[in-house]
Amino acid sequence: MSNWGLVITAIITILPISLATMVEHIGDICAISSTTGRNYLEDPGLHRTLMGDGLATAVASLFGAPANTTYGENTGVLNITKVFDPMVIRLAASLAIFFAFCPKFAAIVAVMPAATIGGVSLVLYGMISAVGVRNLVENQVDLTKSRNLLIAALILVLAIGINYGPGNIAFSIGKVTIALSGLAVAALTGIIMNAILPGNDYEFGSNDRGDSAVNFGADRKAGEE
């Protein structure tokens, strides 16, 4: 007979991690759509990309690996290289899988100077921040409104402050302790505040530019001409 208590405990433990990875996935897909000029929310569709991410995590768990995430650093790589061909990403993924079984390659990465890794990380994370600001501009978010400014301020302070302060926000449900990272807390706060605060001047579906963070209609028309 199944131990339903253990099953419920596992669900409660994994749920916050799943929520955090889904929020990151949606944000990265929007950022990559803006960077490449293609609406990946429409084609192949957010439901398909989320399903692929979930299946990849399920397969990884069979090998004892952690949950997969889309990683915002990839958006930074796209901004730097301007290489948007999915075939290149597939090739890189295949090489990554191959090198994962090669301890010698892991040793080469381990001996790389900290300054080199730090410099690359500095550029990539800077690109992520820049893409976020770009999305706000292209979505025509009015930051002169106190409402929007308050939401943006809370997201920034919570995401940075929690990570460099306590590291996470932990609470207990029964015998299970759940820890939310700064990213998860900031994302939840932004979503909830945007939903409950009055004065939301954005309506989904009424503005293609706002929905997709870039004017795909104009881009397609320009490409046809």
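Here is a quick look at a few helices and the side chains around them. Bear in mind that this is a predicted model.

**Helix α1: S33 and T36**
- S33 sits in helix α1, which covers residues 4-36, and T36 belongs to α1 as well.
- S33 has a relative accessibility of 1%, so it counts as buried, the cut-off being under 20%.
- T36 is buried too, at a relative accessible area of 15%.
- The S33 side chain reaches back to the backbone oxygen of I29, at 2.8 Å.
- For T36, the side chain gets to the backbone oxygen of I32 at 2.9 Å.
- A polar atom of the T36 side chain also lies 3.5 Å from the backbone nitrogen of R38.
- Leaving out residues up to four places away in sequence, T36 touches L78 and F84.

**Helix α3: one face tucked in**
- In α3 (residues 73-81), the buried residues are T75, G76, L78 and N79.
- Looking down the axis of α3, those buried residues fall within an arc of 160 degrees, so they line one face of the helix.
- As background, an α-helix has 3.6 residues a turn, so residues three or four places apart point the same way.
- The cover over the buried residues of α3 includes α1 and α6 (114-138).

**Helix α4: cap and length**
- D85 caps the N-terminal end of α4, with a side-chain oxygen 3.0 Å from the backbone nitrogen of M87.

How values were computed. Residues numbered from 1 in each chain as written. Predicted model: local features only at pLDDT ≥ 70, side-chain atom pairs only at ≥ 80, totals over all residues. Heavy atoms only, no water. Polar contact = N/O pair within 3.5 Å; in protein donor to acceptor, adjacent residues only side chain to side chain. Helix = DSSP H or I, 4+ residues; strand = E, 2+ residues; numbered from the N terminus. Buried < 20%, exposed > 50% of the residue type's maximum accessible area, 1.4 Å probe, protein only. Arc of directions from axis to C-beta. Contact = heavy atoms within 4.5 Å.
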